[in-house]
Structure formats: structure tokens, C-alpha cells
Amino acid sequence: MQNSTSIYDNPDHELLRDQVAKFIAREVEPHADAWEEKGMVPRDVLKRMGQAGLLGLMYEGEYGGGDADALTNLVFAEALSQSTYAGFIITVLVHTDMAGPHLHHSGNAQQKAKYLKKVTAGESICAVGISEPGAGSDVAGIRTTARHDGDEWVINGTKMFITNGVHADLYFVAAKTGTARHEVTMFIVEKGTPGFSVGRALKKTGWLSSDTAELIFDNVRIPEANVLGEVGKGFYSVMKNFQTERIALAAMAVGHCQRALELTLDYVRQREAFGGKLWDKQTIRHRLAMADAKTRAARAFTYHCAWRVTQGHDIVQDVSMLKALTGELVNEVVQTCQQFHGGMGYIRETAIERLWRDARVLAIGGGATEVMLEEVAKRY
Ligand SMILES: Cc1cc2nc3c(=O)[nH]c(=O)nc-3n(C[C@H](O)[C@H](O)[C@H](O)COP(=O)(O)OP(=O)(O)OC[C@H]3O[C@@H](n4cnc5c(N)ncnc54)[C@H](O)[C@@H]3O)c2cc1C
């Protein structure tokens with residue numbers, strides 16, 4: 001139920017949707033229950049995505065990327081979000097839309113030559129470490145520090161809730177490099193750097209096939225060459241990257257709404273109660289119709305935001321609205337859909353139960369609803 005025809009579409013988008021749908025049907029849906037049990041997506045699946053050209057759509061061709069614009073990237077995120085396994089989706093989208101863009105936007109030629117091709121190929125999986133035990137919404141409140149020492153930087157601190165934290169190879173890490181509130185610098189940290197360790201894998205409510213970890217930095221020495229972007233300007237690059245990240249999260253929310261509605265329409269059309277189908281109940285038809293109306297409206301806004309990015313506009317207010325709107329909507333829609341599955345909606349083996357658990361974090365991670373609404377309101 002992607003409702004795909006819109007003024008933003010072109011034939012390449014259809015090909016991409018089709019390619020992703022086939023990948024999900026073949027490589028994900030039949031296997032992902034096992035990944036949920038294991039708490040991770042196998043690396044060979046990610047490598048196959050890389051080989052299919054799906055892990056670096058927005059990056060430059062010279063690094064194996066697709067030179068795609070924000071709309072094409074959104075088509076990818078929405079198509080991927082037709083999977084009912086959000087743990088798989090977020091594993092990929094953190095790599096492509098939340099961590100990778102730090103290297104893409106801020107990396108210099110040497111850094112891109114060294115790392116970006118492997119990222120695009122799925123040989124290096126990446127993670128982004130901003131949140132900490134004491135600071136998530138308040139990025140400037142982080143306490144991890146990086147101190148200049150000769151021609152190296154020494155990082156100390158702890159990161160929390162880091163997606164791909166256990167299994168990534170490459171981490172883009174935010175640290176305070178001065179005393180001013182926004183004096184933050186981004187660093188490239190490779191897995192295996194002495195002093196850098198994964199504290200623990202965190203057990204979550206949903207996104208079970210996504211690994212989420214605490215990261216520990218104990219006098220981690222980083223060469224000057226691994227400073228990502230300008231020293232002291234990392235806060236602003238984090239804010240800039242939120243734009244791509246939040247459109248991807250909105251696509252994920254819209255994708256969940258679409259899949260939940262599809263599953264529920266199928267279910268209520270065949271489920272019998274009180275001498276007829278559930279579909280015969282007007283209240284059920286109306287609530288699903290309204291849920292679909294809201295989903296289509298949210299989808300149109302998501303595409304509009306991506307289109308504005310392609311036009312070079314600064315759309316912080318729109319994207320903050322979008323994140324707040326879709327993070328709340330997905331919870332409303334998926335819960336409505338779960339309700340109409342009755343007891344089956346609460347049983348672990350059903351896709352709707354998983355979608356319901358997985359939806360919750362979309363109103364929290366990557367910018368909680370209240371924080372997003374503050375970003376909106378302060379721009380009036
Ligand atoms: C599964 C998962 C994966 C994640 N992956 C990553 C990752 O890969 N990298 C990374 O860096 N981070 C990641 N995060 C962290 C995530 O972005 C933060 O959890 C989120 O930004 C909220 O920060 P916090 O948990 O510290 O909540 P807090 O900042 O402590 O806020 C708690 C609650 O208070 C409310 N609140 C906060 N500020 C305001 C305000 N100004 N006005 C009104 N209400 C407010 C909100 O309701 C918020 O949910 C992940 C989190 C989860 C749960």
C-alpha cells in the first residue's frame with residue numbers, strides 16, 4: 001500500500017522500489033525471525049545489499065555510490081520500510097542515512113578514499129555515537145571529551161543506545177573539544193582501536209534484530225587524520241545530518257503505517273465475528289479509512305520535505321514537524337491496526353505485534369516528539 005503515484009515519482013523510483021521489494025521478499029522476510037532471536041542482521045546480507053548498490057545511493061559514484069538525490073533516497077527508505085522487521089530496517093538506515101552521511105558530508109578526500117567505498121559496499125558497517133547516559137536530546141550536554149595531545153586526540157567517555165554499536169566497524173563519535181557549550185568535534189573511530197570497547201549490548205522492547213550498545217572510550221588515541229570535519233564545529237554537522245536522518249525515520253514510520261494497514265485490511269476481511277466479517281462493522285471500516293487518510297497525508301508531507309531538500313532549502317522546521325508528526329502517527333495507526341487483530345495482535349509470532357513494539361521508539365529516538373515540537377515552535 002505504498003500509494004506510489006505522485007508528482008515526485010519517476011520511472012527510476014519504480015525500478016528502485018521493485019528492486020528493494022524483491023530483496024526484502026528473498027533475503028529478509030523468510031529469515032528475519034532468526035535475526036530477531038540473535039539480535040543482529042548477518043553481515044553477508046548487508047554485503048549483498050552493498051553488491052546490489054543499495055548502501056550508498058546518495059554518495060558519489062567514485063566511491064561506489066549512486067549520486068542520488070534526497071527524493072530517490074526517500075524512495076529507498078520507504079521501500080525498505082515495507083519490511084515488517086524494523087530491526088533490519090534500522091540496521092540499514094543507520095548505516096546509510098544516519099551514520100554514513102557524517103563521512104559523506106564532512107569527510108575529506110583522504111577519509112572518503114579510505115572508508116567510503118567500503119561503507120558503500122557493506123564491507124564496513126558504520127554507527128554514529130552521539131547520545132550518552134547523561135545526554136540524548138540535549139546534544140550540547142554530552143560529556144565525552146577529546147583532548148589534543150601532540151598530533152593525536154585522546155577520547156574519554158561513554159556513549160549510550162548506539163545502533164550497530166556491537167557489530168559496526170566504523171564509528172563517528174561526538175566529543176567535547178572545548179569548554180563552550182557547543183564546542184563539539186566529530187571523530188572517526190575504528191573498531192579495535194586500543195581503549196575503545198563495547199560495554200554491553202542493550203536489551204530492547206523492539207527492533208530486536210538491531211544491535212544497540214553502550215560504547216566505552218578509555219584514553220582512546222585518535223590520529224589527527226581522523227578528525228571528521230572542522231574542530232569545534234561538530235555540533236552543527238550533527239544538526240545538519242539530522243535532516244537526512246529524520247526524513248529516513250519519517251519514511252520508516254510511514255512504511256510501518258502502510259504495512260500495518262495492509263495486514264489489517266486482509267485480516268478484517270477474512271475474520272468472522274457476530275455472523276459476518278469484521279469488515280462489515282462500520283466503525284472498523286471508518287477507523288481504518290481515517291488511519292489510511294492520515295498515512296497518505298504524512299507520506300505526502302514526507303515527499304514534500306525530501307523534494308525541498310533537492311531544491312536546496314533549509315527545512316529544519318518542516319523536518320522537525322515531520323519527525324514529530326510521523327513518530328506519533330505510526331503509534332496511533334499501528335495500535336489501531338493491532339486492536340483489530342484482537343488477541344492475535346498480542347502474540348509474538350504475528351507481524352502486527354512486532355510492528356506495534358517496533359513503532360514505539362519512533363516517537364523517541366532521533367529526536368523525541370517534544371524536542372521536535374520545540375524546534376518547530378522556536379522558528380515561528
Ligand atoms: C533503540 C534506540 C536506538 C538509538 N540509536 C542511537 C544511535 O545510533 N546513536 C545515537 O547517538 N543515539 C541513539 N539513540 C538515542 C536517542 O536518539 C535518544 O534516546 C533520544 O534522542 C532521546 O534522548 P534521551 O534518551 O537521553 O532522553 P532525554 O533527553 O533524557 O529525554 C527524555 C524525555 O523527556 C522529554 N523531553 C526531553 N527534552 C524535552 C524538552 N526540551 N521539552 C519537553 N520534553 C522534553 C521527551 O519526552 C524525551 O523522550 C537511540 C535510542 C534508542 C532507544
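Mentor: Gladly! A search of the whole structure, which is a predicted model, turns up 26 salt bridges. One of them pairs Glu14 with Arg17, whose closest N and O atoms are 2.7 Å apart. Both residues belong to helix H1, which runs over residues 11-28, and they are three residues apart, about one turn of the helix.

The space it takes is the largest pocket. Strand E1 (126-129), strand E3 (152-163) and helix H11 (369-377) are the elements that each give two or more residues to the shell around the ligand. Of these, E3 gives the most, with three residues.

In total, 18 residues surround the ligand, and the closest are Ser131, Ser137, Phe161, Thr163 and Glu370. Sorted by class, the shell holds nine nonpolar, seven polar and two charged residues.

Let's look at some individual contacts. An N or O atom in the side chain of Thr163 is 2.8 Å from a nitrogen atom of the ligand. The backbone takes part too: a backbone N or O atom of Val128 lies 2.9 Å from a ligand nitrogen, while for Gly136 a backbone N or O atom lies 3.2 Å from a ligand oxygen.

Key:
Residues numbered from 1 in each chain as written. Predicted model: local features only at pLDDT ≥ 70, side-chain atom pairs only at ≥ 80, totals over all residues. Heavy atoms only, no water. Near = heavy atom within 4 Å. Polar contact = N/O pair within 3.5 Å; in protein donor to acceptor, adjacent residues only side chain to side chain. 1 Å grid on protein atoms, 1.4 Å probe; cavity = no way out; pocket = protein on both sides within 12 Å on 5 of 7 lines; lining within 4 Å. Sits in = over half its atoms within 2 Å of the grid points. Helix = DSSP H or I, 4+ residues; strand = E, 2+ residues; numbered from the N terminus. Nonpolar A, V, L, I, M, F, W, Y, C, P; charged D, E, K, R; others polar. Salt bridge = Lys/Arg side-chain N within 4 Å of Asp/Glu carboxyl O.
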